[in-house]
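This briefing is for a reader new to the structure.

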Amino acid sequence: MNKSESRHRLFYDEDDYQLLEIVNKILAGGKNPTLLRKLFDPSLHPRGIKELAAPRSLRIASAIIDLLGTLDHGTANERLTALRAVRAESLHESSQALRLNVARVLLQIMKQIVRAGGHLEQQLALAHDFREASSGKSRLIRKQLRKYHLLEMPEAWNQLAFDHHIHDANTKGRKSPTHLIMDAWIKGIRFLGVIYYNNVKPEVAAELLEAADIMGIDVRIGIEVSARLRNKYVQLIWAPRGFLGRDDFLRFLNEPEVRAFLAQGQAVVEFEKDRVLELLQSFNQRHLPAINAHYDLAVPALDEEEFLTSVGCGQASLVHLAEFAHSAILPHLQRKTEEFSKQYLEASSAEQERVRALVESFNQLDPETLVENYLRPDVNPDVPDLRTPVDNDDAPEMLRLTPSSMFNKLERLPCRSRITINPSGLSPADVLEVLYAGKGRVTHLEIFNLKDWSQGRTQHRHLINEMRLVINRGNVVEAKRMVRQILACTEEDAQQEGDEAACEKIRIVLRDLKTLLKFYSVSRLRSRLGSDSIGHSRQTRGMGLVVAPTLPWRAQREIRRDPNCVLPVTTVAQRHIMLPARGRNPRKISWSVGHNSTTIAKVGNIATLGGKPDRVHNNLFLPTSGVAASKTPPSLNHLNSGFMNTAKVLLGFLPAFLTFYLTKEWWVLAYFGAVIWFAITGFRNILQSVVGGGGFRRSSLLGWRDLVSWNRVADSLLFTGFSVPLLDFLVKDLFLARSFDVTTTTNPLLLYSVMALANGIYISSHNTYRGLPLGAVVGNFFRTILSIPVALGLNMLILHLITSAGVSTAVSLAGMQLWAAVISKAASDLVAALIEGTADRRQNLAYRRMDYAAKLGQVYDVYGRLETMFPEQDVLTLLQRPKDLVKTLSDKNAGLLRDMVIHSLDLLYFWMYQARARITLCQLMEQMSSDEKQFLLQSQQVLKRKRIISEMLLHGLVGKRFEGALAFYLSHSDAYLRMFARLADEPIRAPSSI
């Protein structure tokens, strides 16, 4: 946004405009500038020196933009590098209660900013939402989750969220493997089954598995092949397993037998591509002229080369053809709508009605409609149906294999595997026949497919699911009853179609029932559930399913509010608790699915993670009035931070001031009671932040203002203002004094106890409203109980001081009654400052341990690389001559020198700026071996080479905005090295601090 453009005075912050300006520059250029990309070097710690080069919100935004910019046009390596940067920047902020959910929201908002390109007001509102979400406020994050139809996930990340059947852009999907993984993580999915048709390329598998490893998603690759069952195909999903990791799987794909199998699969892909191109020609000849005539359009014939270009790396399919045809037709519909709009308002009511109906029909012409009306086999009789086997030699060998032959072929491949039957389009008799032919080699049955369910193709799913349950139970009586039922249905169909082959197959199964049950007597036939999502459809929910009981209670409430998202599938979610060893991390909770418990049911407990389906619409609109729509003003949620914080303080101050002014006769309390009350709260927040951030022995560079969140202070002052009429008037005066004659004179213990209880209930209530964690809500309630003896002590101390000054006892007691609410408030806030400050201190220490664990791991990696580079020399001795070492590395291994400098700068930044960093490092050094400690201390000597390090910073070590980092390094590196020199000479002892 240009600076010359008018800006809202009360809405949005300067940082919002700056963020949007940078984002749009990146979008206009296609990729991040090289210097900005350098901020995402894996060696640079997210909490290290690069904080001086760019704020966290900008780094996250840039990383996400970089990722989104590479999803369609970048290389696989560029996409993976960008994904690593996104994870590092968005997930490393540990000071938030909803750390993972915050990252999900940030990714989603930035995707919306990219989609809103060209609409500056909408982008500006989203940029403000992005920065607000970066704060991590629980209530705000949950609001954004609801806005984007995302369910809150547990921070333990142990939810049973999965999708066993999805597709990426290398088949008929829309998203690259990296894009797919990113969107799956945003939805909260932990387990994915990505299905490829007939073939998977090693480079595609490598990208998918690497992206999944980066985001911590468990991915299984499946290859769907077709086996001929008389006049139809059976879809079998073959999933190789038993690999040690990504590299092991890629080696498997290069095995000669596997390469030969995939080559046969590629022949099927080419065969199907030719059939799709025939369908394109049929559409051009049969249907496009009819569409042009019906809608009065002039759409030219679809071009084969342009179509294949639009398919890209995918496999040409009906979905691709429908999307391509839609993209060719839509511009003509838009132009036609614009022509109608010019004369619409002046037209007669009858003409307006005709035009409205026509434009509505334009809006209904989406890809799904094109498939249904123009691309089905029955309206293209000259084109062979891909779903029906053909009896000629043109069909590839793979398409001529029976299920038994396909099972044998898969069994000969050098791996263990899982084979899943996709029963879409199959009858129960077909499924039973394939299971029998598989001789136990079918391991899973897809009992639920979200796409089929959305399209109403579920007539046989209940019986197919029951078949699986009966086979697993191994009861011959049940199995015989089930097979006879299937046989009866099959015989009825055979009479109509004249096909006795299927009946004879079922009779064979019936006579050999024990053999069928024996196949699954040891290893049961498991279930699979998937969305079959391709990212194109606007009529079905997207990818992702979740077992609702494994979600937080708020997410379960959201599911209950939208019953349409609950599937008719239920399972038993078993909760496991792993108790920690003494002194270890807190207990861990995990979930698993009960044995043979997943089944079709009327009332399910599995919900979709995809949002509500979009209304079928091409976004074509007619004008509604002759007056241009007025510009929508910004939402109150987008008030700039300064004005918002001021408004919060004033809103809280008003009831506090009025309470004291209207109920107190003494002028001090009448006019300054609210000021005193707010001063207590403000001082408590500051004291808490200082205690948590390092006490009075923190770094001189870390001022107390740097530790205080003024937004947090404003929120606290807002809610504390409303506690004045509650505690001072309602509880102390109206309830206790007037109703029960309880005062500081008659019963101070009861007075302060009831006030503390009321304060605790109020604090817990607004903590719950603000979405704070349950532990914080409960803790804040009980700390008010702890304030009771403190309040009594303050009451006695002040009373003693007043009476010692010569004031009469009666006057003193009357005064203490006036100040009772203030004393109770002061006691509560004093206890809160110490308890919460101590909690913040422990939290900061934990976060610094995480920071140092990541950074020291990189430091010791450099140690190993140096030892390898200088096998005949002592590395610790070399480090004592930093000038010579730097010169050698500059000539022989500049990358290693660069990493050494980055790690040293990050450690310098930690020491000087991060709360509780010094005490944490000293504690860690006490646990280090002698060599590790010496290397850490000696490696910092590289900071003495100021000219070389300054040049590296000038040339973009931390990006374009290097000034702050350079000034910081030159100003503080000497003092830092002197402190480290003392650590080398003296025993390591953690500094004391409150």
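The protein averages a pLDDT of 85, and 92% of the residues score at least 70; pLDDT is the predictor's confidence in each residue, from 0 to 100. This is a predicted model, in which local features need pLDDT of at least 70, side-chain atom pairs count only at pLDDT 80 or more, and totals for chains, interfaces and linings use all residues. Residues are numbered from 1 along each chain as its sequence is written, and side-chain values use heavy atoms, with hydrogens and water left out.

**Confidence**
- Helices (H or I, at least four residues) and strands (E, at least two) are DSSP runs, numbered from the N terminus.
- Residues 1-5 have pLDDT below 50 and six contacts beyond near neighbours in sequence, where contact means heavy atoms within 4.5 Å.
- Residues 988-994 also have pLDDT below 50, with 24 contacts beyond near neighbours in sequence.
- Where pLDDT is low, the predicted coordinates should not be read in detail.

**Partly exposed residues**
- F672 lies in helix α25.
- F672 counts as partly exposed because its relative accessibility is 42%; buried means under 20% relative accessible area, exposed over 50%, and partly exposed in between (1.4 Å probe, protein chains only).
- A981 lies in helix α38 (residues 963-985), and its relative accessibility of 34% makes A981 partly exposed too.

**Distance**
- A981 and V371 are 610 residues apart along the chain, and their C-alpha atoms are separated by 74 Å.
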